[in-house]
Amino acid sequence: MKITLKLYASLANCLPAEAVKNQAEITVKSDITVREVLDAHNVPFDRCHLILINGVFSPPATAKQATLKDGDALAVWPPVAGG
Amino acid sequence: MAWTRKILRVNLTEGTCVSEPLNMDWALKYLGQRGLGTKYLMEEIDPKVDPLSPDNKMIFATGPLTGTCASTAGRYSVITKGALTGAIACSNSGGYFGAELKFAGWDMIIFEGKSEKPVYLCIIDDKAELLSAEGLWGKSVWDTDAAIKATHQEPMMHIAAIGVAGEKGNMYACIVNDLHRAAGRSGVGAVMGSKNLKAVAVRGTGGVSVEDFGAFMKSTEAGKKALAENAVTGEGLPAYGTQVLMNVINESGALPTRNFRDVQFESANDISAEAMAEPRRSDGKPNLLTNQACFSCTIACGRISQIDKDHFSVVNKPEYWGAEGGLEYEAAWALGAATGVKDLEALTYANYICNEQGYDPISFGSTLAAAMDMYEEGVLTKKDTGGVELKFGSAEMLTKMADLTGTMEGFGEQLGLGSKRLCEKYGRPELSMTVKGQEFPAYDPRGIQGMGLTYATSNRGACHLRSYTVSSEILGIPEKTDPLSTDGKAGLVKAFQDATAAVDSAGLCIFTTFAWTLEDIAPQVDAACEGNWTPDTLMEAGERIWNMERNFNLAAGFSGKDDELPKRLMKDAAKTGPAKGMVSGLDKMLPEYYEVRGWNTKGVPTEETLSRLGV
């Protein structure tokens, strides 16, 4: 299946080479977990403070076990804030 | 201690500058800056006064911690009746001006009356005088800053000034200090212009004393350590600034786009922090040069940018080729997503002009977006706009309108009215995305429900800085709440509003609260000041201030009926993203909010509440 991986700020360095504008469509196995996707791209999980699956917050403590579906968008940020 | 205990009262009609003692009874109840300045305003003017008349007063107020070594302790506020809103205005700024005012020995300046001719106030320590600004009238903020420093041969002066926008009555004109920091919202610059006051220039060579030096150093050191060790304030904000939110809020489906027609902007990444750091295709250099800190700040979230010299906006304009204040999130949203413009360099140019001529980029971008909405609906035509095609997405049009609005020429004069007045003038008031006349910032209440209640109840009109529930609803600080749920938001908004009022009144930046709670702030205030400052007494002071501001607005003629959102947010559901199909749940949250506030069903504080708070 295919998902869209979006990595921002300092995590952008972990995106695959073909990524454009902080995102890349990647092919993954069915029922892959968030943690498996991030590990496959060498994203340091302890730096993943904000994880959104299809725009919806997923607590880091449980996100790693969360499974993804075909067409999902996984977006991840290190510690950030603004206003 | 911490307070200098001195106020400078400047009567512009009479041309006098008089020192008077600070009312310490009020200081111990309202702390400083926002709280204390509002108390003075409340006592000294009729809330029904015309904001642009000589009877309105304007107060520059520091907090007790302003000018100390506490982290971020450089803030001051301008408090007045807002030109844009007719409501209480308190516009907060960083930079170095506030601390310099304190070093000169003043807690506050109260301006009253109106000068017959343009003047500026020059303060050098305890000497204050009004000087002619006839040679400065018509100059930009930046040129005024340079001219005053040259006149006094004093490069260490810090200057707060209005540009041409404030002189000519742009209703959302700012007061800009230190070139790039602004008391930006509610039209405080228009009030300053109406008084024929061009600038306030300050040089202070003193310091700020604190009550318990040992305890103060210990508590401020602990505070700085907490900021440095916190991942957001120690790493995220200095590296990426507030602009990193662009993709976060867009992904969350709460980025208002094209005057709130949409909640996601397809080109958000092009105007984001990531884009600012990316080398440009045109010249191989990034838009972002470095970060910058305000006085005593250990976070340093400010952006310094440089536009590509070959970009159409600055071709043959070498005065804009240098390093200047760059885009913050709210400005980038208003100039970009709100107008549908994705050209980062054009946004940066428009932001420069906002600083140079002194007007609020949030209100400008939102007003322009409303005008574009009316143009696309055929309400406005080229005949109205001076031949300009005012369509969403045009970078050329954005920069042209920024220039015209800065000098209030052509259609820029219409844009200077603000969204509410402009939309009313052309018979489409429902297209104005405002509360109490002030334009929304960068969060859509359909995707972040708490922000709808925040906007509706903000005492200075729609504003994110009065209750930044985004922190909880999106970022999970201090704890995560569901942005799509209205449950518990009344209490959440009240807590944010009261705590923020206390932080503002201390003279600190609210960005500290990504790492600090009042448990961290209270020891710093308590060590610096007389009085008993605990998290509870600070929270109570914040609640007192909030209710006082509400009373000002009620006396000015506002009522619970003004705690409302535009129909678009209540009727037109979000089209995409997590909030797809949702509208704002304000009607559910507002009665709960009045209840937790201790107000009656019409939004009026009860006698019991006011008595409990000593308002």
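**View 1. Strand E7 (residues 119-124) of chain B pairs with E8(B) in the antiparallel sense over 6 bridges.** The model is predicted; local features need pLDDT of at least 70, side-chain atom pairs count only at pLDDT 80 or more, and totals for chains, interfaces and linings use all residues. Residues are numbered from 1 along each chain as its sequence is written, with chains lettered from A and ligands numbered from 1 in the order in which they are written. Strands (E, at least two residues) and helices (H or I, at least four) are DSSP runs numbered from the N terminus, and two strands pair if DSSP finds at least two bridges between them. B:Leu121 has B:Leu130 in E8(B) as its bridge partner.

**View 2. The open sheet of chain B has 6 strands in the order E8-E7-E12-E9-E10-E11, with mixed pairing.** Strand E8 (127-132) and strand E11 (181-183) of chain B are at the edges with a single partner strand each, so one side of each has no neighbour in the sheet.

**View 3. The contact between chain A and chain B takes 22 residues from chain A and 29 residues from chain B.** Residues are in contact if their C-beta atoms, placed from the backbone, lie within 7 Å. On chain A, strand E3 (50-53), strand E4 (56-57) and strand E5 (73-77) each supply at least two residues of the side that touches chain B.

**View 4. The C-alpha centres of domain 2 and domain 3 of chain B lie 28 Å apart.** Their contact takes 16 residues from domain 2 of chain B and 17 residues from domain 3 of chain B. The domain bounds, from an automatic or database domain assignment, include domain 2 (241-438) and domain 3 (467-613) of chain B.

Notes. Contact = placed C-beta atoms within 7 Å.
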